Amino acid sequence: MSLKFFSLSLQLVVLFLFGPLLRAEEISIYFKTAPIAELLRPNGDAASLSLLITGADGRPVNEGTVAIRLDAPKAGGFLSTDVPVVEGTQLSEMRLPLRQGRVNWKYLFPIRGRYNLAVDFTGADGTKSSKSFQFTVRENRHKWIALGGFSLGLFLVGFIAGRIFTGARAKAAAFVLAVAFFVAATATGLKAQDTASEGSAARLDIEPAFVGKPSRIHWSLDGAGAKPVLALTLTITQLEENKVVFAVERIPVAGDFSMGFQFTDGSEHRVTALAEAQGRVPIKTEQVINVTAVEPPMRVMIPALSFFMVLIALGIVAGRWSKRR
Amino acid sequence: MEKTVASRLFIALPEQISFLIKSGIFLMVCGATLFIALASSYPAVHDTLHNVRHALAVVPCH
């Protein structure tokens, strides 16, 4: 009898301790990108990202919120990406409400590498579930081709120099230097400059933006009292190339919305918020901000410059060898 | 001409040493040129070559 009682008590304790976890396992979180992850490229076009939350029955969960955090790829390897200040930093952090079990947003990935997307779901009944997704964004092929061409050019400069120096003809030195300058030279900063927001019914507060550090973007309805639920569309556009870097469409918000977002390009950006509701005039709020660029530290410059110098040196050695054989 | 000048100034050097000196000077000039073009933050140079830096995938910029 006492053994049965002990067994029953033990089962109750297990159920009490691990019950929420078991319930969380019933929740499934799916992540999808369009185009598919293999075709994503940095600084191309903004990708469509979506999360689907389903319950134990496989049907989309209707009510709940999803906390999303996107982290940039960590620094790794000898050569850095073209924006090393962004490496390993938090890119965006937001909490979006579910619509038919889904959340959708658009994002322009800034650099190549392995991204980490952490998702925390909280259901209307308090159910919680978390999942992390890792995906790799590959570099644009044309950048690798440009790097290959540039490297080959440096090698050839070294090769020609090696041949000339071996032949001891000083008058050709000027030609080699001219070639070096020609190969090296071919081929767009910033303080907050806010424009007045359109429409007086809403406001947009954006922290000063620096590359490498997320800024808080806060949209809110003006006035006190009950705030109606509106469909908010938030778009961030990089103005220099007129590219949408982030967008979230018609998310239901009750008076305010806040998110952390890192501007990864040190140039002008426009943040536009459009709040709509049936029977109401849409409220548009817009702000242009200048993002402060941050110079990468010298230590991340050294590997790339060393790589180029080694290519020239190898060219010189090859040029001398070709002349003497 | 180089040989003539060198012999008149009595600074004629063995070919290997001459090659090393010339190569060294050449590498320093190339290094300085690459540093100014790809790594310096001087606005006139940076703004002109900003797209080139990004196009090379491995050159750090902002």
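How many helices and strands make up the secondary structure of chain A? Chain A has four helices and 14 strands. Helices (H or I, at least four residues) and strands (E, at least two) are DSSP runs, numbered from the N terminus. The model is predicted: local features need pLDDT of at least 70, side-chain atom pairs count only at pLDDT 80 or more, and totals for chains, interfaces and linings use all residues. Residues are numbered from 1 along each chain as its sequence is written, and chains are lettered from A and ligands numbered from 1 in the order in which they are written.

The predictor assigns the complex an ipTM of 0.87 and a pTM of 0.79. Chain B has a mean pLDDT of 85 (pLDDT is the predictor's confidence in each residue, from 0 to 100), and 82% of its residues reach 70 or more. Among the elements of chain B, helix H2 (residues 15–38) has the highest mean pLDDT, 94. Helix H1 (residues 2–8) of chain B has the lowest, 62. Where pLDDT is low, the predicted coordinates should not be read in detail.

Chain A contains 325 residues, of which 31% are buried. A residue is buried if 20 or more other C-beta atoms lie within 10 Å of its own, exposed if 12 or fewer, and partly exposed in between; C-beta atoms are placed from the backbone. Three domains are assigned in chain A: domain 1 (26–139), domain 2 (142–187 + 297–324) and domain 3 (202–290). These bounds come from an automatic or database domain assignment. Five residues of domain 1 of chain A contact six residues of domain 2 of chain A. Two residues are in contact if their C-beta atoms, placed from the backbone, lie within 7 Å. On the domain 1 side, the residues divide into three nonpolar, one polar and one charged. Ala, Val, Leu, Ile, Met, Phe, Trp, Tyr, Cys and Pro count as nonpolar, Asp, Glu, Lys and Arg as charged, and the others, Gly among them, as polar.

The largest nonpolar core holds 78 residues. Such a core is a set of buried Ala, Val, Leu, Ile, Met, Phe, Trp, Tyr and Cys residues joined through C-beta atoms within 7 Å. The members that touch the most others are A:Val66, A:Ile68, A:Leu154, A:Leu232, A:Ala273 and A:Ile312. Helix H2 (residues 141–167) of chain A gives the most to this core, with eight residues. Residues up to four places away in sequence aside, A:Ile68 touches A:Met94, A:Leu96, A:Leu117 and A:Val119.

A:Met94 sits in strand S4 (residues 90–97) of chain A. A:Met94 counts as buried because it has 21 C-beta neighbours inside 10 Å. Beyond four places in sequence, A:Met94 is in contact with A:Ile68 and A:Met259.

A:Ser215 belongs to strand S9 (residues 215–221) of chain A. A:Ser215 has 17 C-beta neighbours inside 10 Å and so counts as partly exposed. Its contacts beyond four places in sequence are A:Ile206, A:Glu207, A:Pro208, A:Ala209, A:Phe261 and A:Phe263. A:Gly260 is 45 residues away from A:Ser215 along the chain, yet their C-alpha atoms are separated by 5.5 Å.

Chain B has three helices and zero strands. Buried residues make up 31% of its 62 residues. H2(B) has 24 residues and reaches 33 Å from its first C-alpha to its last, close to the 34 Å expected at 1.5 Å a residue. The expected span is 1.5 Å times one less than the number of residues. Buried positions in H2(B) are B:Lys22, B:Ser23, B:Phe26, B:Cys30, B:Leu34, B:Ala37 and B:Leu38.

The contact between the chains takes 34 residues from chain B and 43 residues from chain A. On the chain B side, H2 and helix H3 (43–55) each give two or more residues. H2(B) supplies the largest share, 15 residues. By class, this side of chain B has 20 nonpolar, nine polar and five charged residues.

Most residues other than glycine have a negative phi, and most peptide bonds are trans. The bond from A:Ala34 to A:Pro35 is cis, with omega near 5 degrees. A:Gln100 has a positive phi of about 50 degrees, and B:Ala57 has a phi near 65 degrees. A:Gln100 is exposed, with 9 C-beta neighbours inside 10 Å, whereas B:Ala57 is buried, with 24 other C-beta atoms within 10 Å.
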